[in-house]
Amino acid sequence: MSFVERYQELELLRFMTCGGVDHGKSTLLGRLLVDSRSVPEDHLEAAKRNNEVDFAMLLDGLRAEREQGITIDVAYRYFRTNKRKFIIADAPGHEQYTRNMATAASNCDLAVVLVDAGEGIIEQTRRHSFIAALLGIKHLVIAVNKMDLVDRSEERFDTIRRAYDAFAARLEVTDVEFIPMVAATGENVVQRSAQMEWYGGRPLLDHLENVHIASDQNLIDLRLPVQLILRGDDGSRHVAGTIASGVVRVGDEVSVLPSQTTARVSGISHRSEAFAPLAVAITLDRDVDVSRGDMLAHVRNIPTLSREIEAMLVWMSAEPLQQGREYLLQHCAVQTSAVVRDVRYCIDVTELRHHAALELRMNEIGRVSIEASRRIAFDAYSRNRATGAFILIDRMTGETAAAGMILDRETAPEEVLTPVRSLAAIEKLLADYGLDADSIEEITAIIASRLDR
Amino acid sequence: MTRYVVSHLRRLEAESIHIIREAAAAFENPVLLYSIGKDSSVLLHLAQKAFAPAKLPFPLLHIDTGWKFREMIAFRDEVARQDGLDLRVWTNEDGRRENVNPFDHGAQRYTHVMKTVALRQALDHYRFDAAIGGARRDEEASRSKERVFSHRGPGHEWDPKNQRAELWNVFNTHLTKGASMRVFPLSNWTELDVWVYIEIESIPVVPLYFAAERPVAERDGVLFMVDDDRFRLHPGERPVMRNVRFRTLGCYPLSGAVESTARTVPEVIDEMIASSWSERQGRVIDYEEGVSMEDKKREGYF
Ligand SMILES: Nc1nc2c(ncn2[C@@H]2O[C@H](COP(=O)(O)OP(=O)(O)O)[C@@H](O)[C@H]2O)c(=O)[nH]1
């Protein structure tokens, strides 16, 4: 096989790195890029100090900007091996970390969480793991770094692993891998460590090259959000969009949502079948009414159709979320106005506990109920990352105010919801009675503090 | 199972098509910025795929500084003619009248007047609200964090402190008054992806990317092609014929050539994987880096 043939067949893995500040993220990324020979000579030369590569400097595009006071968020880096091509989403840790991490995680298959072997599992470890899981990352690598500072001790590694397992049992992550590492020397990054023979697993790069991600793909539920309608010279109509999940074949009977009119697929851009995540243009055998914002699905497997959405929100705007305020909601190709009816609770990300809240501030995560001004076709985020995700846009500033993950409404509402829900109700009631804002706040604060035990 | 595995290149292709379609659907008057280089060739190819069997729903815009390689201009016109494209060419006429050029005014000022200002003029003139360009994140450190949909305030200014969070492939295309958008469908492509895609899709590119005997002058170790008689030769200096090609193309007095024997796309790819130097190394006088990219983008540079 020629290089071109081999190259085009490479699989893609998108991953991110996170962890506490100074746990060695820059060092690890630098090692990974240098030891896999992905850094051009001129960049490598520029990052040398006293003939040693300064890994932090190598990733300097960002650091320089940080000094200039520019908002740094996610930077993307690219490298490849003979097995896979990788896109790294690198979100530097600082005060806006939740927002940046959620952004980075939204497109990743895997997250590498760095843990300092000396410090063990800390607040940031839990916080980052939670956000990764919330955004639907199914594969975690816990990179226990700086093993040189704990005598490369297997016992220490096992202690950390047990502590993490106890916490991770509450996350919906199925695949967690632990790797003891010395990023500074490159041990277990690309090369296996000769000094930690007790570790039977693979070095990090080996794991990244081989971790099984094909089955993460949803090939069951056909969802084709319609981006636009194209017209051929012959007057033919082509429904264009990117397949969010599932497989579509010529002859399939599909339902156009939300109208639920049906038609058969008569052609798929010169193929007999297509599947996620391909971008296609399909023709239908009937002249049904279909336009941007609609969604096609198999007649016997359609998504939820509703104006009401239960979702987890990551709030990203400096302006806190206000209940009752109108936002623009963007879901697949639908843009519609929507109101957040209720903040059900806010999550303490570190302790994984819920507490009552009336608003969400920047970098807070909470559960809300939203009412859109039109019906939307959606799935739970846990089942479908593409049709379960949305953003809220602030109409005035145009900024992306929140990222939303739709919840499965089948699941029983958690206990904690009841009092919170009534808290919001009490607030409305008090307002209806004509109480002034300050008094309402005082009363609800007292109630909230009681609920928050 | 393998039947449903989509290779990284086909994923990139699908992602780009998705972005291009989104830009066409969400904006009133989008334009494709066509710079004639390899990335633009790929971008144009993807746009044509995105709307097939319909025609491109938006025009192409080329900012002509007056100093492009002659072969680039010939290639541009041929592509537009063959594909029946609506090509708009824009030059900053004030700059041309004042004869702003890379020799007398220096790379920085020349680039500002003939590229940055020209682009702003053209976007304002045609009232384009979205400009789709072929920039890649792997080109340069400051690009690595650029959004796919990059928001520009009134006056095209880019406020790095006020960029929108971008998650999944749910793009925020909302424009407030006076604002516009730059859209980068090739964000996640690398130089190698671009070349391999050009090969497998047989996409035509400017012949300057392939080695041939060309007249060059050497300045501080950099080979410049003497493309016409406006090149300022030193007294007594004569162009010499060398086997060279270009890794990136721009204005000829600012683009460094590399010595090469690669005459086909696979040969270019072979040279590229053997070389341990970055794409930008060839551009010693890199007009995109004369001043910091950050500052130029603030001014409205692409
Ligand atoms: N002893 C030891 N030090 C390390 C290791 N990895 C990184 N460091 C050091 O830890 C410090 C923080 O590393 P850096 O990569 O900048 O951390 P970041 O803040 O997570 O990006 C630096 O001084 C590194 O040299 C390691 O494996 N062992």
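This report looks at the ligand's surroundings and at some salt bridges in a predicted model.

## Ground rules

Residues are counted from 1 along each chain as its sequence is written, while chains are lettered from A and ligands numbered from 1 in the order in which they are written. Since this is a predicted model, local features need pLDDT of at least 70 and side-chain atom pairs count only at pLDDT 80 or more, though totals for chains, interfaces and linings use all residues; side-chain values use heavy atoms, with hydrogens and water left out.

## Around the ligand

Let's start with the ligand. It has 15 residues around it, and the closest are Asp22(A), Lys25(A), Ser26(A), Thr27(A) and Asp148(A) (a residue counts if one of its heavy atoms lies within 4 Å). Helix H2 of chain A, residues 25–35, gives the most to this shell, with three residues (helices are DSSP runs of H or I, at least four residues, and strands are runs of E, at least two, numbered from the N terminus). Sorted by class, the shell holds five nonpolar, six polar and four charged residues (Ala, Val, Leu, Ile, Met, Phe, Trp, Tyr, Cys and Pro count as nonpolar, Asp, Glu, Lys and Arg as charged, and the others, Gly among them, as polar).

Now for some individual atoms. A ligand oxygen sits 2.8 Å from a polar backbone atom of Asp22(A), and a ligand nitrogen is 2.8 Å from an N or O atom in the side chain of Asp148(A). Another spot to look at is Ala184(A), with a polar backbone atom 3.2 Å from an oxygen of the ligand.

## Salt bridges in chain A

Over all chains, the count is 44 salt bridges (a side-chain nitrogen of Lys or Arg within 4 Å of a carboxyl oxygen of Asp or Glu). One of them joins Glu187(A) and Arg152(A), at 2.6 Å from N to O. Glu187(A) is in the loop between strand E8 and helix H9, and Arg152(A) in the loop between strand E7 and helix H8, so the pair ties together parts 35 residues apart in sequence. Glu187(A) is buried, at 9% relative accessible area (buried means under 20%, exposed over 50%, partly exposed in between, with a 1.4 Å probe and protein chains only). Arg152(A) is buried too, at 18%.

Arg344(A) and Glu310(A) also meet in a salt bridge, 2.4 Å from N to O. This pair links strand E20 with strand E18, 34 residues apart, and both residues are buried. They belong to a salt-bridge network together with Asp342(A) and Arg367(A).

## Over in chain B

Asp39(B) pairs with Arg136(B) in a salt bridge, their closest N and O atoms being 3.1 Å apart. Both residues are buried.

Methods:
Polar contact = N/O pair within 3.5 Å; in protein donor to acceptor, adjacent residues only side chain to side chain.
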